[in-house]
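Dear colleague,

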Amino acid sequence: MIAELEKVASEFGNAESKVSRRVIICAGTGCVANGSLKVYAEFIKQIESAGLDIVTELKAEGAEGDNHTSTLLQKSSSAPIRLSKSGCQGFCQMGPLVTIEPEGILYTKVKPEDVAEIVQTTLIDHKAVERLLYRDPVSGKQCTGTAEIPFYQRQSRTVLKSCGIIDPEDIREYIHSGGYMAAKRAYTEMTPEMVCEEMLYSGLRGRGGGGFPTGKKWDLTRIQPGPKKYVICNGDEGDPGAFMDRSVMEGNPHSVIEGMMIAARAIGADEGYVYVRLEYPLAVARIRRAVADAEAIGVLGDNIFGSGHGFKINVMEGAGAFVCGEETALIASIEGQRGMPMPKPPFPAQSGLWGKPTVINNVETLASVPIVIGKGAAEFRQRGTETSPGTKTFALTGHVANTGLIEVPFGTTLREVVYNIGGGVTDDRGNVTGEGFKAVQIGGPSGGCLTEEHLDLPLDFDSLKGVGAMVGSGGLVVMNKQTCMVRIARFFMQFTQNESCGKCVLCREGTKQMLALLDDIMEGNGTEKTLETLERTARAVQKGSLCGLGKTAPNPILSTLKYFRAEYEAHVYQKRCPAGECKALLRPTIDPAKCKGCTMCAKKCPVGAITGELKKPHVINPDICIKCGACAEVCRFKAVSGV
Amino acid sequence: MPQTLEKTTKKLRQFNKVCEILDRYERNPAKLIPILQLVQDEYRYLPEEVLTYIATSLSLPPAKVYGVATFYAHFALEPKGKYVIRLCDGTACHVKKSIPILEALRERLGLTDKVRTTPDMLFTVETVSCLGACGLAPVMVINDDVHGQMTPEHAVALIDEIAAKEGKK
């Protein structure tokens, strides 16, 4: 069976034209966690009880053997309302999100109890429910839809464009929005050489972190001899603080599959794997469904678009190993081995899965491919910078007002991202403060820290490399002044030490030593020698490790040492933690002059370390105190210091 | 006697399930990881005798199967509790103070870094590197339910709720 894309698209378009309104409920992981599925169920109930027609799945009118939906569409003379789920809309913190089209109204933090009001006010009376609209925390302005919200306004969503709009579980909607046309073009109008050339000209660089030109990778694999080649989609997004691949797989899985099909065409592969980490069950389910639907409709399988070429996709779940994000380790994992990396060369392009030439691309890279082939490389190059064309998604998290998933052209400054899209830095209680910014950690455990002096640095592969950071997978963690940078370095070191596969000595032992050295510093046992050894070990691990995990493991240490050396020195020489986070270095005391003896602190202390009589100054027993800071939090007279 | 018989048939039945899984993957050693995943879904952990059985069936050395099972974080060689609580300690969750939540949970359940499952096999507390729901940090997952913007108090309240439902204090 060969898919007839135009027919599918026009049938779907016809069915959709019969719908008057559309209610889109975000069903990304964040919104589901906040109860969006309950909101969805409530909408069905409320729309029905209001006597309105509702469609949850669009079916083509008069489709064979499908009388039920045809009658559903014709049930009443008034056009029905379509209710659909979408993938992640990026604005996770404000979820569950409900969008109403064609008005473009976006409701935030919708609860099931709000649904009846939305149905009455918006769907029946055509008015907005003002209390559910987003209010900009900076200007206090009420925003009706995404067009007015600064978080969305300043982005340029390209890869994420359809994420959060189309129903990820309906292949026809993807096709209706122009999906699989790029694959069709690649299979019916282009030769493998032409596909590689187009990709090369587009300048698309791998979004998984390394930034290797995709076209070059494909071309190197294309020229390898042999009939059997593989395409692997690397969906093992293990970087803590990054979730863009998850959102793409959940929100627009077909774009990834289409990207894989084009890659397969370019290199001459007939089989592919999507390797998804098992911590993402929803992504696994959506990708599996997308593969099955694409096969059923005739897009995937034998004789694609009548070209005589076939392509088969397998989906495999990872089993919880960060190192499997490294391409040679990922290949070992698919082969049923421990996920340990292999020295390169040979590169996977020469000898990959089961010794065959293999292309491995990241999810976001593959999702960009249909955009390049569909619209042409020249248009793709319009955005971004000369050496880093296109857009990049970032997971913006940490101490920032608007956390979530964003997409901006390469070359956008950090200031724009943190202050304009992110809405500014927040304190520990979540309030926006003008002067709270300390650093941004970018690129996860492989990346580095950027400081205030880098706020105007354009974000792209080369400029970040120049300051000792990297785009990595695109995690952006904003940190406020109450964050101890030694602790952050330790946090990443703990992570890489846990995840080191243990194959090479430098990574296995080096990360362990660096962790111990950081512990010494945080516990107040650090000396000048500790700092020296830390730096030397870091350089050695960077130089001598086998794979990317080890080579980049020291980056958080080296970049914090570079930009926040004073903070390390305060720990070592003054035995003081400037951010007040390292418990061993805290000395909580009560100022007797300020203490009114209200007993609040003594009551709140979980270990009974505070004693004193009513209306007389209290004291903290340092031997019992666990330095939790509860006393400082409750004290109304600011008498507790040192925590 | 009947009790022993029951035990034996139960065990046989369990191995039947393993055989079914092995057959589904045509006893292909390359499919070791998906096989272990399905077997673990069945038992909630990987019992030693099952690992040996899988090794024999796939004509692999037991050391290799054991090596794979211990390499990946998802595989458990010891039984887990009925409610597996996974606290995310990714960067976003960490800077938004996930550790105090972990400490509160361990305190409430009498668990430590080494002892992760309660003696009544009701709760297991673990940390995970990142759940990819960073916008809701800090995040905690109880079995498959994701709970966002957690606090130590809220986390303990959730545990108490489950314990009450299960009829335990």
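I begin with one residue of chain A: the side chain of A:Glu258 comes within 2.9 Å of the backbone nitrogen of A:Tyr180, a polar contact being a pair of N or O atoms within 3.5 Å, where within protein one must be able to donate a hydrogen and the other to accept it, and residues adjacent in sequence count only if both atoms are side-chain atoms.

Please note that this is a predicted model, in which local features need pLDDT of at least 70 and side-chain atom pairs count only at pLDDT 80 or more, while totals for chains, interfaces and linings use all residues. Residues are numbered from 1 along each chain as its sequence is written, chains are lettered from A and ligands numbered from 1 in the order in which they are written, and side-chain values use heavy atoms, with hydrogens and water left out.

A:Glu258 belongs to helix α12 of chain A, residues 253-267 (helices are DSSP runs of H or I with at least four residues, strands are E runs of at least two, both numbered from the N terminus). A:Glu258 is buried, which stands for under 20% relative accessible area, with exposed being over 50% and partly exposed in between (1.4 Å probe, protein chains only).

A:Thr511, in helix α20 (residues 505-522), counts as buried because its relative accessibility is 0%. Its C-alpha atom is 7.1 Å from that of A:Thr496, 15 residues apart in sequence. A:Pro617 sits in the loop between β18 (610-611) and β19 (619-620), and counts as partly exposed because its relative accessibility is 41%. Leaving aside neighbours within four places in sequence, A:Pro617 is in contact with A:Pro592, A:Cys595 and A:Gly612.

Chain B has seven helices and four strands, and buried residues make up 49% of its 169 residues. Its C-alpha atoms fill a box of roughly 50 × 40 × 25 Å along the principal axes.

How much area is buried between chain B and chain A? The figure is about 3,200 Å², with 59% given by carbon and sulfur atoms; buried area is the accessible area (1.4 Å probe) that two parts lose on being put together, summed over both. In chain B, the residues that lose the most area to chain A are B:Phe71, B:Tyr72 and B:Thr91, together 20% of what that side buries. The contact takes 49 residues from chain A and 34 residues from chain B.

Between the two chains there are 15 residue pairs in polar contact, both at pLDDT 80 or more, and one salt bridge. The salt bridge joins the side chains of B:Lys97 and A:Glu581 (3.2 Å, N to O). On the side of chain B that touches chain A, the elements giving two or more residues are α2 (32-43), α4 (62-71) and α5 (91-95).

Yours sincerely

How values were computed. Contact = heavy atoms within 4.5 Å. Salt bridge = Lys/Arg side-chain N within 4 Å of Asp/Glu carboxyl O. Lys, Arg positive; Asp, Glu negative; His and termini not counted.
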